[in-house]
Each structure stands twice: as C-alpha cells, then as structure tokens.
Amino acid sequence: MSKIISSVGTEEIGHFEMIATIVHQLTRGLTIEQIKAAGFQDYFVDHTTGLYTVSAAGVPFDATCFASKGDAITDLMEDMAAEQKARTTYDNILRLADDPDVIEPIKFLREREVVHFQRFGEALRVVQDNLDSRNFYAINPEFDRPNNATPYRTRSK
C-alpha cells in the first residue's frame, strides 16, 4: 500500500509542475495592457507574473489543504474525494479553455486523477481487509481495539 501512496504523491508533484508550466507559458511576456484586460492587475501587484499558488478564488495554498485524521479509512476517503475534486476542476478548465496547448495536458492530468482515485480505492480495500475490526464506522480501528472499542472513551489519569 505504501507504494501506491508514494507513487501517487510523487506524480502529484509532477502535476503541480505541469500546471505551473502552463501558467508560466500563458503569462510570460504579457504587457501591462494585457494584464489589465485579463483582470490580473491585483495578482500582478503582489506577484508580478511569478507563480504563486492560489485557488481560482485567490485562496493561497497552505497546509490546511491537507486533511489528515490519523484514521486510514477517513484519510483514504479524503484522498479519494480530493482526486474527484481535482477531476472536476480539470473538467471545468476544459469547459473554458480553447488553446490546444492547454487542453491536451489538462486532459492528461484529468485522466491521471481518475487513476489516482482508483489506486486510493484499492488501498482502501487493502486497509479494510486487514483491519482488526470490520465495524469501520463505529470506531477508529487503527486506534481503538475491539475489546475496548468505545468511540468516545475518556482516558483515566
């Protein structure tokens, strides 16, 4: 399972590089008039045409983008949801794009998100098959043990 996770993670870094390259290719050499016409003047004030990771809504990328609960079931479901959200983002970009040099790499990235979703699904099945408890949703089977599995137990001091 760790090979699945590490290979997907490595590939995601490559996806970031591809997107950054596309953005760089689309913005290098822009004139001030083009920047204003495209509505990029606020971004330009803070970052010129340098790459700064923000969502389409302008929300900066930071550690809050990583959701981890310490429960394999929860974390893998979150990973699967993240892949679906990325796929939807690529779908939306494809709806807006008209440049073949943007469309083709975005189509590739979209396909990879589908594959990543499938790999995380495989990892989820492996985890479920190997956990101590088959009651995945009443307890955190990585932390709670079947003999003392109360989901809201308090620790004695």
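This is a predicted model: local features need pLDDT of at least 70, side-chain atom pairs count only at pLDDT 80 or more; totals for chains, interfaces and linings use all residues.
A salt bridge here is a side-chain nitrogen of Lys or Arg within 4 Å of a carboxyl oxygen of Asp or Glu. Residues are numbered from 1 along each chain as its sequence is written, and side-chain values use heavy atoms, with hydrogens and water left out.

Let's start with the overall layout. The protein chain has five helices and zero strands, in the order α-α-α-α-α along the sequence. Both element types are DSSP runs numbered from the N terminus (helices are H or I, at least four residues; strands are E, at least two). Of the 157 residues in the protein chain, 22% are buried. Buried means under 20% relative accessible area, exposed means over 50%, and partly exposed lies in between (1.4 Å probe, protein chains only).

Now to helix α5, which covers residues 100-130. Its 31 residues reach 45 Å from the first C-alpha to the last, close to the 45 Å expected at 1.5 Å a residue; the expected span is 1.5 Å times one less than the number of residues. The buried residues of α5 include Val102, Ile106, Leu109, Glu113 and Phe120. Among the elements covering the buried residues of α5 are α1 (2-27) and α4.

Back to the salt bridges: a search of the whole structure finds five. Glu122 and Arg119 both lie in α5, three residues apart, about one turn of the helix. An α-helix has 3.6 residues a turn, so residues three or four places apart point the same way. Glu122 is partly exposed at 29% relative accessibility, and Arg119 is partly exposed at 28%. Lys107 and Glu104 make another salt bridge, at 3.4 Å from N to O, and they too are three residues apart in α5. Lys107 is partly exposed at 36%, as is Glu104 at 46%.

Arg87 has a relative accessible area of 18%, which counts as buried, and Asp91 is buried at 15%. Arg87 and Asp91 are also linked with Arg110 in a network of salt bridges.

Which side chain of opposite charge is nearest to Glu113, a buried residue with no salt bridge? It is Arg112, 8.2 Å away. In this comparison Lys and Arg count as positive and Asp and Glu as negative, while His and the chain ends are not counted. Leaving aside residues up to four places away in sequence, Glu113 touches Glu12, His15, Glu83, Ala86, Arg87 and Tyr90, where contact means heavy atoms within 4.5 Å.
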